[in-house]
Amino acid sequence: LPRPSGPYQLTLNVSELVDTSRKDPWGKDPIKYRRLMVSRFDPLLPNTCYRNEKIPYMSPTISAAEDAIFAPYGLPAGIFGSLEMIFCFQPVFDKCNETWPIVLFSPGLNTTRLYSMLAQEVASQGFTVITLDHPFDGDIVEFPDGFIAYGGNVDFSNDTSVYHALDIRMNDISFVLNTLGFQYDATPNASALIFGHSFGGAATAAGMLNDTRLRGGVNLDGELFGGVINAGLGRPGINQSFILWGAEGHNRSSEPGWGTFYQNLKREGMWERELELLSASHSTFTDLPLIADVTNIRTTLPPESQAELGFLAGKRVLQILSKYLSDFFAFVFRGKEGEGLLAGPSDSYPEV
C-alpha cells in the first residue's frame, strides 16, 4: 500500500487494554472484564526514523475472515492477506503525548479493520491517531491470547440492541481517554478529538455528549441514534465543534436526525459544518476504494459493488479526507488561527 502523503513518517503500536471497572457487557469474553484492542499511529519528527518495516495490513486470521465476509461482493480470496503497510519500528504506548494532538477513531459496525490507511493518512499530517476495535460489534477482533471476538450481535431492527451497543462504545471511548490521562478541566489544546465512520460516527456524537474531554468530532456518513440528536453538544463554558460529512445524497434533507442535531448545535452556539462528498457511497469512507485500486480489481467487481465503493479514486479520497480532517483538528486545537478548508468551498476540492 502507498505511503501516506503527509510530512511525517509513523510508528504503529497495537495494544490490548483491559477495563477492570467494567464486566464484559456482552457476556461473551472468556475473561470477565471489558477489553478492547487499540492501534496507535504516532508521527515522528523528520530524520528520526532509522528502520522501516513492512507490516501486514491484516493478520492471517483476520484476513481470512474478511475474505469470507467480502466474497459475496466479488472480492477475490487473498486480497487482504496480500497487503502490507510501511512503518518505522519504534513501538510505544504512553500517557498523553505532549508533541502530537490525539485523535480517536471509532469504526463502522462489522468493518473494524478497514480503516488503517485512513488513520495512517491523518496521522501523517501531525496527529496521533488511535483507532478503537470494539469487540463483539466489530466484525472480528483478535486478542494477543488468541481469543477471537466475532461481531454480528447488533440488531438494527431493535432499538434496545442498538442503544446497548452505542452505550458500550461510549464507555470504551471514555476508558481510552482515562488510560491516556486526559483531564476534564483541560483546555481545548490539551483535550482530545474523535472521528468515526457509520456506527462509529454515531458513537462519535454520543461519545462527545457523554464526555466533554472530547472537544471536536466528525461523523463520516453515520446515522445518529439516541439522546444526542435532541440534546446537542456542549456545556456552559465548554464548546464542542462538530462536522457532519455525508456521502452524496446523505445530508440534513435526507436524514431527519441529522437535521435536528445540526439545528441544536446552531442553537447552542457550537461551531458546526455539514459537508457532502460527491460521487461517494457509504464505503467510500473506508480503505476499500484504495485497496480496489492498488490490487487492480475495481473494474472486475460486480456493478453494485463498484457503486458501493463510489466513483472516486482511492488515493483522491484519502487526500480529501486527510486535508479536511487535519484542517478541522488543527482549528479546534489551535483556536482562531483559521478554519482552513472549512471556511468555504474550495476550487482544489470540487468534490466537497
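## Ground rules

The model is predicted, so local features need pLDDT of at least 70 and side-chain atom pairs count only at pLDDT 80 or more, while totals for chains, interfaces and linings use all residues. Residues are numbered from 1 along each chain as its sequence is written, and side-chain values use heavy atoms, with hydrogens and water left out.

## The disulfide

The count here comes to one disulfide, a disulfide being a pair of cysteine sulfur atoms within 2.5 Å. Cysteine 49 pairs up with cysteine 88, with an S to S distance of 2.0 Å. The link ties together distant parts of the chain, 39 residues apart: cysteine 49 sits in the loop between strand E2 (33–44) and strand E3 (52–56), and cysteine 88 is in strand E4 (residues 84–88). Strands (E, at least two residues) and helices (H or I, at least four) are DSSP runs, numbered from the N terminus.

Which hand does the bond between cysteine 49 and cysteine 88 have? Its S-S torsion is about -115°, so the disulfide is left-handed. Cysteine 88 is buried at 5% relative accessibility, and cysteine 49 is buried too, at 19%. Buried means under 20% relative accessible area, exposed means over 50%, and partly exposed lies in between (1.4 Å probe, protein chains only).

## Arginine 316

Arginine 316 belongs to helix H9 (residues 314–334). With a relative accessible area of 22%, arginine 316 is partly exposed.

Leaving aside residues up to four places away in sequence, arginine 316 touches Ser348, Tyr349, Pro350 and Glu351; contact means heavy atoms within 4.5 Å. Between arginine 316 and glutamate 351, 35 residues apart along the chain, the C-alpha separation is 9.9 Å.
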